[in-house]
Number of protein chains: 2
Amino acid sequence: MTEARRDRRAERHAATRQEIVAAAWALARERGLGGWALRDVAEAVGMRAPSLYVYFDSKNALYDAMFGDGWRQLLERYDELDATAPVAAPRDLLRRGAAVHFEFCVEDPARFQLLFLRSVPGFEPTGETYAVARQVLERGATVLAAAGAGEPAQVDLWTALLTGLASQQISNDPGGDRWQRLVDPAVDMFLAAQPRR
Amino acid sequence: MTEARRDRRAERHAATRQEIVAAAWALARERGLGGWALRDVAEAVGMRAPSLYVYFDSKNALYDAMFGDGWRQLLERYDELDATAPVAAPRDLLRRGAAVHFEFCVEDPARFQLLFLRSVPGFEPTGETYAVARQVLERGATVLAAAGAGEPAQVDLWTALLTGLASQQISNDPGGDRWQRLVDPAVDMFLAAQPRR
DNA sequence: GTCTATAGAATGATAGAC
DNA sequence: GTCTATCATTCTATAGAC
């Protein structure tokens, strides 16, 4: 087996890429998902716009990296939840998962738009980054299955419910809790409709 | 009482405004909510771009007119539903209302985005047009009340459910029926959770 | 890898003639 | 009310020096 030497240049390149993605997310939070130019991102990381093309082929390539990064952030939240409540009953875990998921959506509307609403005009996630999204959904489906709602239709209903609650909160009561208060009742409603196993 | 003479000039002006709004909707359907310029709308109605400013003060003013027009379209759908099933049982009416509402959302994603997701960067509906939106929501709340789910929290949960189903259908299965098939089960779930009166 | 310079194109909006 | 002409920006992306 070949003893691979660390490629310090590649590491540096990847670190800069991540720095750019983080700066873009910060701008998206402040000004909206489409409210910034490559110039702005460049300035935020101490560069000029053309230098970004060393790291990303286009603005959509940057959105793609943000897409993957955003789903990875959600995966981390799930990990933290598992670490906090490792042996909770399935339905309790689902309840807490719903709360975590809702909070994740609402705390950053721009991120919610990119990850769940696909609202950047010409952007479609590439296969690689979309795989991260699928990974997260499978993780959620596992929890649902443990709670007795693992059928595809049940999973789809669950995602619609959570997306709808978050979407309404963001669009119609930003900064408030009008739909947040409905998360627990919604989970109860959902669970009551599923046959217990 | 003053015998008001018809103001033919005002009528003509209003008709042209509506023509422009319709052309903008057509472009939004084809290219997305933000995928067209005032030039394009002007060309579609046989004008040059500056002439539009006789009818709208800005592009956002046009979005505002579209917003009001879109909600009025939804109101028409509700009227048609009432005309078709005037004496249906409340819960049956709710079921059919959900189907109509879902279809309305999915058949024009750009309209769904403007009316329900507020996804035009700098645009906020004015008070007058927002009043139309409230009117439609009250109409829905009335039907919900008749079905035994008229409390504000129940209405909010209902809107979240429908918005979530439509949003997921549009984002993750455009042209398909993966979430459409869940509308009826979702309504059943919702109704089962409400105490019958 | 980072820069300057700039291409190339699009856009919302205004001025003023007719 | 409609037009021509144009302003004033803004933005992504590329070329090529260093």
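Student: Is A:Leu162 buried or exposed, and why?

Tutor: The model is a predicted one. A residue counts as buried when its relative accessible area is under 20%. A:Leu162 has 7% relative accessibility and is therefore buried.

Student: Where is A:Leu162 found, and which residues does A:Leu162 touch beyond four places away in sequence?

Tutor: A:Leu162 belongs to helix H7 of chain A, which covers residues 152–172. Leaving aside residues up to four places away in sequence, A:Leu162 is in contact with A:Ala98 and A:His101. For A:His101, the separation along the chain is 61 residues, while the C-alpha atoms of A:Leu162 and A:His101 are 7.8 Å apart.

Student: Let us turn to the interface of the two chains. How much area do chain B and chain A bury between them?

Tutor: The size of an interface is often given as the accessible area lost when the parts come together. Here chain B and chain A bury about 2,100 Å², and 63% of that area is on carbon and sulfur atoms. Three residues, B:Asp156, B:Leu157 and B:Met189, supply 27% of the area that chain B buries against chain A, more than any other three residues. The contact draws on 23 residues from chain A and 23 residues from chain B.

Student: How many salt bridges and how many residue pairs in polar contact are counted between chain B and chain A?

Tutor: There are 2 salt bridges between chain B and chain A. In one salt bridge, the side chains of A:Arg178 and B:Asp156 meet at 2.7 Å, N to O.

Student: Which helices of chain B each supply at least two residues of the side that touches chain A?

Tutor: They are helix H6 (109–117), helix H8 (152–172) and helix H9 (183–193) of chain B. The largest share, 13 residues, comes from H8(B). By residue class, the side of chain B that touches chain A has 13 nonpolar, 7 polar and 3 charged residues.

Student: How many residues of H6(B) are buried, and what covers them?

Tutor: H6(B) is mostly covered, with 7 of its 9 residues buried. Among them are B:Arg111, B:Phe112 and B:Phe116. The cover over the buried residues of H6(B) includes elements of both chains: helix H5 (109–117) and H7 of chain A, and helix H1 (8–31), helix H4 (59–84), helix H5 (90–106) and H8 of chain B. After H6(B) comes B:Arg118, which has a positive phi, near 50°.

Student: Which residues are closest to DNA strand C?

Tutor: Of the 16 residues that surround DNA strand C, the closest are A:Arg48, A:Ser51, A:Tyr55, B:Tyr53 and B:Lys59. The surface near DNA strand C is made up of 8 nonpolar, 4 polar and 4 charged residues.

Student: Which part of DNA strand C lies within 4 Å of the protein?

Tutor: Of the atoms of DNA strand C within 4 Å of the protein, 67% belong to sugar or phosphate, and the rest belong to bases. A polar backbone atom of A:Arg48 is 2.8 Å from a phosphate oxygen of DNA strand C. For A:Ser51, a polar side-chain atom lies 2.8 Å from a phosphate oxygen of DNA strand C, and for B:Lys59 the distance from a polar side-chain atom to a phosphate oxygen of DNA strand C is 2.7 Å. The elements giving two or more residues to the surface near DNA strand C are helix H1 (8–31) of chain A and helix H2 (38–44) of chain B.

Notes
Residues are numbered from 1 along each chain as its sequence is written. Chains are lettered from A and ligands numbered from 1 in the order in which they are written. This is a predicted model: local features need pLDDT of at least 70, side-chain atom pairs count only at pLDDT 80 or more; totals for chains, interfaces and linings use all residues. Side-chain values use heavy atoms; hydrogens and water are left out. Buried means under 20% relative accessible area, exposed over 50%, partly exposed in between (1.4 Å probe, protein chains only). Contact means heavy atoms within 4.5 Å. A residue is near a molecule or strand if one of its heavy atoms lies within 4 Å of it. A polar contact is a pair of N or O atoms within 3.5 Å; within protein, one must be able to donate a hydrogen and the other to accept it, and residues adjacent in sequence count only if both atoms are side-chain atoms. Ala, Val, Leu, Ile, Met, Phe, Trp, Tyr, Cys and Pro count as nonpolar, Asp, Glu, Lys and Arg as charged, and the others, Gly among them, as polar. Buried area is the accessible area (1.4 Å probe) that two parts lose on being put together, summed over both. A salt bridge is a side-chain nitrogen of Lys or Arg within 4 Å of a carboxyl oxygen of Asp or Glu.
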